[in-house]
Amino acid sequence: MMNQQPLVTVIIPTYNRPEALGELLEALSRQTYRHLQVLIVNDAGEAVDHVAALYPELDSLVITLEHNVRHVEARNYALTEARGDYILLCDDDDLLLSGHVERMVEELQSSGSDLVYSDVEIFDYITERGVRRATSRFVFAYEQDLAAMRRFSTFVASGCLYRRELHDSLGPFDTRMYHYWDWDFFLRASEKYRVRRVPVASALYAFASSGEGNLSGQADSMRPYLDKLSAKHGLGELPTANFFLLLEEPEVKSRRAATEVVWDGEPFVSRLAKLGKDREEERQD
């Protein structure tokens, strides 16, 4: 009997983070929704084929680029190989809880939406023996207010799911929006398509206070891209204040929303980490 589930293509750009990538592949291997195509775009970094090979049950393809093109264009390379009816985006250091893909597919289909995104838990961590362990975490959940999201976006791309045909009219991701490609994509999609927030924190967004995380970008380097975004969408003057300070702004705090918290806080121990542990124990024997 043929699988009647729509194929979901998962797009993962990666660059020199094999341990984190291993945890994401572990998370994908645990998904209750099984009809996945996993596209890993190695952006001219260290080899990751051996990491993907540890998960033979996943229909995965590693696309290795000869030159570093940065993460936005890397996603566009993946689009050319996508076979899925739906596209799911995820950064290589973020994680998805086991029911995430199934819930997103259900919400997309039942609501008649074109793009759905979940709430997230943002977690700080330390790395011990190749495993990231959460040291603190907080829920990032905000009402979907399209007007307010032109001032401060609460759309998190990791874990979002959308119909592949959006790219037929929107085109690929805009490589000019290096720091704000996801905000740009949300604004473009919400202008033409039905977008829906799903109130469940089933995506995990990694942030290390040590500076490894991707919330630690410098405002000065981000300002030119924010100006480009504003000019493109007519957003006016936008702040580049610290992310965490922006969350305390009254207009942002007023949008905080209830959500379903489902993570038990346990780390995702990858097969790569287990292999490293086994080898370490063999050397000690």
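Biologist: How many helices and strands does the chain have?

Modeller: Helices are DSSP runs of H or I with at least four residues, strands are runs of E with at least two, and both are numbered from the N terminus. This chain has ten helices and ten strands. The model is predicted: local features need pLDDT of at least 70, side-chain atom pairs count only at pLDDT 80 or more, and totals for chains, interfaces and linings use all residues. Residues are numbered from 1 along each chain as its sequence is written, and side-chain values use heavy atoms, without hydrogens or water.

Biologist: Where is Q37 placed?

Modeller: Q37 sits in strand β2, residues 36–42.

Biologist: Is Q37 buried or exposed?

Modeller: Buried means under 20% relative accessible area, exposed over 50%, and partly exposed in between, with a 1.4 Å probe and protein chains only. Q37 has 3%, so it is buried. Across the chain, buried residues make up 52% of the 285 residues.

Biologist: Which residues does Q37 touch?

Modeller: Contact means heavy atoms within 4.5 Å. Leaving out residues up to four places away in sequence, Q37 touches L7, V8, T9, V10, D59, E81, A82, R83 and G84.

Biologist: What does the C-alpha trace span along its principal axes?

Modeller: About 65 × 50 × 40 Å.
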